[in-house]
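Dear colleague,

Please find the structure below, handed over for your use. My notes on what was found in it follow directly after.

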Amino acid sequence: MVGKIKNYYAGGNTAKGFYSLYESSLAGLDRLFILKGGPGTGKSTLMKEIGDAWNENGFDIEYLHCASDNQSIDGFILPALKVGVVDGTAPHVIEPKAPGVVEEYVNLGVAWNSDLLAPYKERILELNDKIDTSFQSAYANFADALAVHDEWEKIYIENMDFNKADQLTEELLEHFFAGKGLKKTADVRHRYLGAATPEGAVDFIQNLTEDVYKRYFIKGRPGSGKSTMLKKIAAAAEDKGFDVEIYHCGFDPNSLDMVIVRELGFAIFDSTAPHEYFPDRENDEIVDMYKRTITPGTDDKYEVELEDITSRYSGKMKDAIACLARAKELHDELEQYYIEAMDFNKVDEIKSEIHKQIEQLIGAVQAY
């Protein structure tokens with residue numbers, strides 16, 4: 001029987017630069033293999049093959065996707081065994097807390113032939129510089145887009161009834177948590193439901209909520225209080241001892257896009273672009289922040305200003321995505337030099353050794 005798969009991101013290309021949530025995503029593991037090695041050394045393929053094998057053997061798995069390459073993963077976790085394997089190269093450098101006890105470095109660099117790389121030293125250095133420049137340009141464009149987004153929010157904030165927003169939030173808190181609570185410390189996880197990638201915005205909302213009984217789709221405009229409401233719901237869940245998954249915005253990590261409390265069977269998320277969805281299941285429900293909190297006619301009143309803002313915002317986001325696509329193109333070229341210098345038989349040996357060590361954990365878990 002095949003296990004379940006959850007997909008999400010632990011790092012993102014944001015308006016704040018590359019923003020990592022790895023520490024929260026990897027918390028509580030008893031064993032963590034941290035892969036080191038250059039581009040094209042087979043890290044993502046190795047992780048996919050090991051992860052898929054365990055999943056086919058009935059184990060639930062969590063895939064941590066790569067925001068800079070739509071076809072790659074940055075890691076996987078086997079929750080039942082409390083084990084994970086992650087790419088530990090820049091920009092997602094992971095500092096071990098108990099090296100040799102919990103974390104173990106795995107160096108795929110032992111499988112490359114440095115003599116085959118040496119003739120391309122200058123080009124490799126040049127590509128690395130250009131890739132870094134492309135990412136910095138992407139982050140600068142995202143930052144500019146966020147500044148425009150702040151203008152967008154300002155219009156709605158100035159036309160918002162905060163008392164009504166507070167009332168709506170209280171209604172939801174009462175509905176979710178009244179008379180409920182668990183006498184334990186909540187397990188709180190911070191992740192991303194989606195990311196800005198070389199192919200545009202990608203999200204895993206449907207996958208993450210597929211086995212959740214009740215889904216709430218928040219509709220509204222920028223500045224209508226969606227993230228603030230989600231933060232209050234997450235805080236209440238934690239305070240009452242419920243495990244909570246907190247999904248940050250892949251554009252602005254200070255904002256939230258979704259909260260899932262599986263012990264209570266609900267997910268509530270920002271269902272506006274670029275992750276706009278509509279109810280398609282019997283228990284789905286819309287929470288309309290615009291209708292409940294914004295002064296009627298605001299869209300019409302500020303039509304000209306909003307058109308200008310959305311145009312500038314869209315332009316900056318497109319420029320940022322183009323920079324990510326350029327970085328990916330350069331990275332693909334860089335990978336080829338390493339691929340041609342690799343002995344993938346050695347990589348297969350490393351993969352087998354990691355797989356064998358994970359197998360040994362099954363006995364320890366069963367004994368426990």
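On the face of helix H5 turned away from its buried side sit the exposed residues Asn163, Glu170 and Glu174. Here exposed means over 50% relative accessible area, buried means under 20%, and partly exposed lies in between, computed with a 1.4 Å probe on protein chains only. Helices (H or I, at least four residues) and strands (E, at least two) are DSSP runs, numbered from the N terminus.

Please note that this is a predicted model, in which local features need pLDDT of at least 70 and side-chain atom pairs count only at pLDDT 80 or more, while totals for chains, interfaces and linings use all residues. Residues are numbered from 1 along each chain as its sequence is written, and side-chain values use heavy atoms, with hydrogens and water left out.

The buried residues of H5 are Ala165, Leu168, Thr169, Leu172, Leu173, Phe176 and Phe177. Seen down the helix axis, these buried residues fall within an arc of 135°, so they line one face of H5; the arc is that of the directions from the helix axis to the C-beta atoms. They pack against strand S12 (214-219), helix H7 (226-239), strand S15 (266-270), strand S16 (285-288) and helix H8 (289-293), where contact means heavy atoms within 4.5 Å.

H5 covers residues 162-177, and its 16 residues should span 22 Å at 1.5 Å a residue, which agrees with the 22 Å between its end C-alpha atoms. The expected span is 1.5 Å times one less than the number of residues. At the N-terminal end, Asp161 caps H5, with a side-chain oxygen 3.0 Å from the backbone nitrogen of Asn163. Just after the helix, Gly179 has a positive phi of about 70°.

I turn next to the charged pairs. Side chains of opposite charge can pair when their charged atoms come close. The search of the whole structure gave 29 salt bridges, each being a side-chain nitrogen of Lys or Arg within 4 Å of a carboxyl oxygen of Asp or Glu.

Arg123 takes part in a salt bridge with Glu126, with the closest N and O atoms 2.9 Å apart. Both residues belong to helix H4 (residues 121-157) and are 3 residues apart, about one turn of the helix. Arg123 is partly exposed at 23% relative accessibility, and Glu126 is partly exposed at 36%.

Arg123 also forms a salt bridge with Glu333, again with closest N and O atoms 2.9 Å apart. Since Arg123 lies in H4 and Glu333 in helix H10 (residues 303-340), this pair ties together parts that are 210 residues apart in sequence. Glu333 is partly exposed, at 29%.

A salt bridge also links the side chains of Arg312 and Glu151 at 2.8 Å, N to O. Arg312 lies in H10 and Glu151 in H4, so the pair ties together parts that are 161 residues apart in sequence. Arg312 has a relative accessible area of 33% and Glu151 one of 35%, and both count as partly exposed. Elsewhere, salt bridges that share partners join Lys4, Lys6, Glu62, Arg191, Asp211, Glu245 and Arg262 into one network.

Finally, a word on two strands. S2 (residues 11-14) and S3 (residues 17-20) pair in the antiparallel sense over 4 bridges; two strands pair if DSSP finds at least two bridges between them. A hairpin joins them through 2 residues, and Thr14 stands opposite Gly17 in S3. Both faces of S2 are covered, with Gly11 and Asn13 buried on one side and Gly12 and Thr14 buried on the other.

With kind regards

Key
A polar contact is a pair of N or O atoms within 3.5 Å; within protein, one must be able to donate a hydrogen and the other to accept it, and residues adjacent in sequence count only if both atoms are side-chain atoms.
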